[in-house]
Amino acid sequence: MACVKLGSKSDAFQRQGQAWFCYTGLPSDVVVEVGEMSFHLHKFPLLSRSGVLEKLIAETSEEGEEGCVVKLPEIPGGAKTFELVAKFCYGVKLELTASNVVYLRCAAECLEMTEEYGEGNLITQTEAFINQVVVRNWKDALKALQTCDDILPYGEELNITKRCIESLATKASTDPNLFGWPVREHGGPMQSPGGSLLWNGISTGARPKNSSLDWWYEDVSNLSLALYKRLISAMETRGIKQEIIAGSITFYAKKYLPGLNRRQGSESSSRLAPVSLGTPPSEEDQKLLLEEFDRLLPLQKGLVPTKFLFGLLRTAMILRANPSCISNLEKRIGMQLDQATLEDLLMPNFSNTMETLYNVDCVQRILGHFLAMDQITGGASPCSIDDGQLMGSPSLTPITMVAKLIDGYLAEVAPDVNLKPLKFQELAAAVPEYARPLDDGLYRAIDIYLKSHPWLVESDREQLCRLIDCQKLSVEACTHAAQNERLPLRIVVQVLFFEQLQLRTSIAGCFLVSDNLDGSRQLRSGFAGGSNEGGWATAVRENQVLKVGMDNMRMRVCELEKECSNMRQEIEKLGRVKGSSSSTWGNVSKKFGFKLKSQMCSAQEGSVSNQHHGHGKVEKLKERHGKSKKNSSKVD
């Protein structure tokens, strides 16, 4: 660290308990009291350098007291600083550093140690050191700024605080690689002015790695919050990017809010541990810090990690922070909810009532903020998209991710026995229908909820299951739902119907593909003649495989028809309605809003069954289906 040597007189000061004595061969004729420390000195060296001491000594001498005692209760830096001031007055060699120059500069100002009381007085010397050394060096400017905390009014009056802040802001906004040597306090190996690494003062020729833009984060995190806020404001004025500012605030917050590191790994926790603090701040101090961070953080989406925002929100709830602070954090998270993870959403309920294990209300509010922002930014709506564009539209990607996230969250909170059906339903229904390409996740969450709440009445089950769109269930989900005893009968019938409808649609599509394939093969064979016999054999094998697959689908359709027939019989028995079974089933079909067809297109049946031996199996299934119908009519 740079320093300046003042004077050449040898040190004659000695301390004895709470008193300092200067042994010069002459007895002391003045005692200066600074706090609990007393300095036994001589009048002439003091009054020849300080205008204030000259006046105080003159006033005390006029009172005619035996001993001249001067009291300095409010000297900046206290007794430690006055010790250096006294040595300077006696011409003792004095070392100026970034740690003591601010105290000395303020003390010299209070004592009026100007050039009028001696050339090269303390004000001149300390001011020159600040301008020529401190503000030109990152490490010294940072250290000097930290010392301003203790004597902030004096530092503000003399413009020292502002000069240090301006210096730091300017250096932080400059690319550190342009300096040619490290500017950080713990910058690593020494480098030559040319930029190469030094070993024992010898250039190795090796070049250091480029410094990142966050090189100053750790250094400024040692500042008090008041000075840190002023420094951040000065950096923003100089055009430092908002993402860099946000990164610094994140680093600072993690250092002084221990709760944010609860889920961090051991490596990051040790790196962010506030070594200089000793003990973490009190809860009240942490609350004030958190509310300040909320005001400091930039509002742009994506600048602050979502996980960090959830950590702030969780800490704010624990500390009972201001409701406006909690609301602001929820809005920030809502702006970028698509970047969150399921672990982030699983926030425990810290309320005294403990109605639910997790804070479902908070998640619902966050989702509401996201949907509102999605509408403002021109998110897609059901009226503006087709079914074919549902999966590929870039504007739907964030809301689709959020829908998947909410479905996963519903599945996690569903086992909570205290979670009311209405609250579960409200959160599930808050997600727009177009945001879910598939309803598998929603179906899974509702199934878990029904399993964990077996006491639900039929009307509540019906209400929950109406959220599921059976047409948006995958084949696996349909298969599971068809055998799920927890679902209401109405939902099972709808699932079976739409599963059958999907299979019929798939078979019709396969027929179309098969016909086109046969036509193209024949066309190519007419042009190629006998030279493509190998290709023709391959096409025949592919066609056979395709037809086998279609026959398997037909068998599945027949099985579904049989299941529907059995279900029809059960419905008729439960209804106890007199009359023919056909009329009863017709009423049920109308109630459910669809019609079931028991036979496939005869033309399609013939074209497939005539070309594969699987036709016999299908006919047997039809015969069994017919017999079941006759038996059911007899029973009725």
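This is a predicted model: local features need pLDDT of at least 70, side-chain atom pairs count only at pLDDT 80 or more; totals for chains, interfaces and linings use all residues.
Colleague: How many disulfides does the rule give?

Modeller: The count is zero. C164, for example, is in no disulfide, since the nearest cysteine sulfur, that of C148, is 5.2 Å away.

Colleague: What makes C164 buried?

Modeller: Buried means under 20% relative accessible area with a 1.4 Å probe and protein chains only, whereas exposed means over 50% and partly exposed lies in between. C164 has a relative accessible area of 0% and is therefore buried. C470, at 3% relative accessibility, also counts as buried.

Colleague: Why is Q336 called buried?

Modeller: Its relative accessible area is 3%, so Q336 is buried. Q336 lies in the loop between helix 15 (323-335) and helix 16 (342-345). Helices (H or I, at least four residues) and strands (E, at least two) are DSSP runs, numbered from the N terminus. Leaving aside residues up to four places away in sequence, Q336 touches K301, G302, V304, P305, T306 and L309; contact means heavy atoms within 4.5 Å.

Colleague: What makes strand 5 mostly covered?

Modeller: Strand 5 (residues 37-41) has five residues, and four of them are buried.

Colleague: How do you know that strand 4 and strand 5 pair?

Modeller: Two strands pair if DSSP finds at least two bridges between them. Strand 4 (residues 30-34) and strand 5 are joined by five bridges in the antiparallel sense, and V34 stands opposite M37. Two residues lie between the strands of this hairpin, where G35 takes a positive phi near 65 degrees.

Colleague: In which direction do strand 3 and strand 5 run relative to each other?

Modeller: Strand 3 (residues 19-22) and strand 5 run parallel and are joined by three bridges. The bridge partner of A19 is S38. Strand 4 and strand 6 are also parallel, over three bridges, and E33 stands opposite K71 in strand 6.

Colleague: What is the order of the strands in the open sheet?

Modeller: The five strands follow the order 2-3-5-4-6, with mixed pairing. Strand 2 (13-16) and strand 6 (69-71) are the edge strands, as each pairs on one side only.

Colleague: Which residues have the most contacts inside the largest nonpolar core?

Modeller: They are V32, L41, F82 and L337, in a core of 154 residues. Helix 18 (residues 397-413) supplies the largest share of this core, nine residues. A nonpolar core is a set of buried Ala, Val, Leu, Ile, Met, Phe, Trp, Tyr and Cys residues joined through side-chain atoms within 4.5 Å. Not counting residues up to four places away in sequence, V32 touches several residues, including L41, L46, V70 and F82.

Colleague: How many helices and strands does the protein have?

Modeller: The protein has 27 helices and nine strands. Of its 636 residues, 44% are buried.

How values were computed: Residues are numbered from 1 along each chain as its sequence is written. Side-chain values use heavy atoms; hydrogens and water are left out. A disulfide is a pair of cysteine sulfur atoms within 2.5 Å.
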